[in-house]
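I opened the notebook again today and went through this model piece by piece. Here is what I looked up, in the order I looked it up.

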Amino acid sequence: MRTREVWRIQRAGTLDRLEPHTDSLPDPGPGEARVIPEAIGLNFADIFACLGLYSATPAGAFVPGLEFAGVVEALGPAVPPPDPSGEPTHPIRPGDRVFGLTRFGAYATAVNLGVRYLRPIPPGWSFAEGAAFPVQALTAWHGLTELGALEPGDSVLVHSAAGGVGLNALAILAAVGARVVATVGRPAKRDFLVERCGLSPNQVIVRDRHTFGPQLDRALAASRLDLIWLWDHADRLARAYDRLAHLVQRPPFVGRCFGFDDTPAALRYLQSGESIGKVVLEV
Ligand SMILES: NC(=O)c1ccc[n+]([C@@H]2O[C@H](COP(=O)([O-])OP(=O)(O)OC[C@H]3O[C@@H](n4cnc5c(N)ncnc54)[C@H](OP(=O)(O)O)[C@@H]3O)[C@@H](O)[C@H]2O)c1
């Protein structure tokens, strides 16, 4: 048993209900590790959950947060892997730097989680970059390759391309050799995509109700568009991470970091739509 700090919401409805709280975390159970987060990734789904707009939101009080990166403090009793002939597992030991994917509960200074949802942080990546990676990279990966059957040469429209999922999608599309048309809500985001991601200005549409159609036609020129969760499939996470790591070797772009005490301000910044890349809490 260990005391920890969390950001908790008593009942979904508004971000104003998010409040700091101290509770006790039991020792890690069979197959679990206790991790001390150094950084926590923010997602738009966190805002939807706090507002009560996300169908998976837990009933009653809950701690938001779907991903984090930190150091393994302790391990629970070992359990045999579910399928010894299945996907490769990464041995996790106390002291390891890991990132983790969790179903709520990451806005905390200590977390217990099944080791199969943890992964070593790649060498050279910061904790913030590790915490910025799993949800958005896997979402972009799953949508483009598993659901979208992406092929080299496909033309793909990426909305809000300067956001977390969007930047991951651009990295995957570049690695596969697909054609991209991107949309963003503000000119500063177009400039960011041109400077950082090497897109040409006419590949990036700053959305505007009146000119979107003609701009899209121009960006596509003569071509056409080909393509506009994994919790219950944890056995597929390892394969997805491995293939992602093979395709995209750069760490994610962390646009802005906030302190753990400033969690409500960080969520409001993400909610504003101004953010570029990932918004991260540093613990
Ligand atoms: N299914 C899943 O597992 C899963 C996982 C992660 C994310 N998602 C979804 O993927 C989308 C992107 O998520 P993200 O975490 O990467 O967020 P994000 O792109 O970093 O931020 C959201 C972006 O949406 C755009 N936007 C459009 N209308 C908006 C509005 N009314 N208010 C605020 N922003 C608005 C803004 O960019 P522009 O102004 O440039 O358009 C804003 O920066 C979200 O819809 C999220 O729910 C799904």
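Helices here are DSSP runs of H or I with at least four residues, strands are E runs of at least two, and both are numbered from the N terminus.

Before going on, I noted that this is a predicted model, in which local features need pLDDT of at least 70 and side-chain atom pairs count only at pLDDT 80 or more, while totals for chains, interfaces and linings use all residues. Residues are numbered from 1 along each chain as its sequence is written, and side-chain values use heavy atoms, with hydrogens and water left out.

**Helix α1.** I asked which residues of α1 (residues 44–51) are buried. They are Ala 45, Asp 46, Ile 47, Ala 49 and Cys 50; buried means under 20% relative accessible area, exposed over 50%, and partly exposed in between, with a 1.4 Å probe and protein chains only. These buried residues pack against β1 (2–9), β2, β3 and α8 (263–271), where contact means heavy atoms within 4.5 Å.

**Pro 28.** Next I went to the loop between β2 (18–25) and β3 (32–41), where Pro 28 lies. Pro 28 has a relative accessible area of 10%, so I put it down as buried. Leaving aside residues up to four places away in sequence, Pro 28 touches Ala 33, Arg 34, Ala 74, Leu 75, Gly 76, Pro 77 and Asn 112. I also checked Gly 65, 37 residues along the chain from Pro 28: the two C-alpha atoms are separated by 19 Å.

**Positive phi elsewhere.** Phe 104 is not a glycine, yet its phi is positive, near 70°. Phe 104 sits in the loop between β5 (97–101) and β6 (111–114), and its 11% relative accessibility makes it buried. Ser 160 also has a positive phi, of about 45°, without being a glycine. I found Ser 160 in the loop between β8 (155–158) and α4 (164–176); at 43% relative accessibility, Ser 160 is partly exposed. Just after α3, Ala 149 takes a positive phi of about 50°.

**Helix α3.** How many residues of α3 are buried? I have 10 of its 14, so the helix is mostly covered. Among the buried ones are Val 135, Gln 136, Ala 140, Leu 144 and Thr 145.

Then I looked at how α3 (residues 134–147) meets α7 (residues 234–247): they pack at an angle of about 90°, with their axes 10 Å apart. Axes are lines fitted to C-alpha atoms, for helices over the stretch in contact, and angles run from 0 to 180 degrees between N-to-C directions. That makes α3 roughly perpendicular to α7, the word used for angles of 65 to 115 degrees. From α3 the contact takes Pro 134, Ala 137, Leu 138, Trp 141, His 142 and Glu 146. From α7 the contributors include Leu 237, Ala 240, Tyr 241, Leu 244 and Leu 247. The contact residues divide into 9 nonpolar, 1 polar and 4 charged; Ala, Val, Leu, Ile, Met, Phe, Trp, Tyr, Cys and Pro count as nonpolar, Asp, Glu, Lys and Arg as charged, and the others, Gly among them, as polar.

**Whole chain.** To finish, I counted 8 helices and 12 strands in the protein chain. Buried residues make up 48% of its 283 residues. Along its principal axes, the C-alpha trace spans about 60 × 50 × 35 Å.

How values were computed. Angles under 35 degrees count as roughly parallel, over 145 as roughly antiparallel, 65 to 115 as roughly perpendicular and the rest as oblique.
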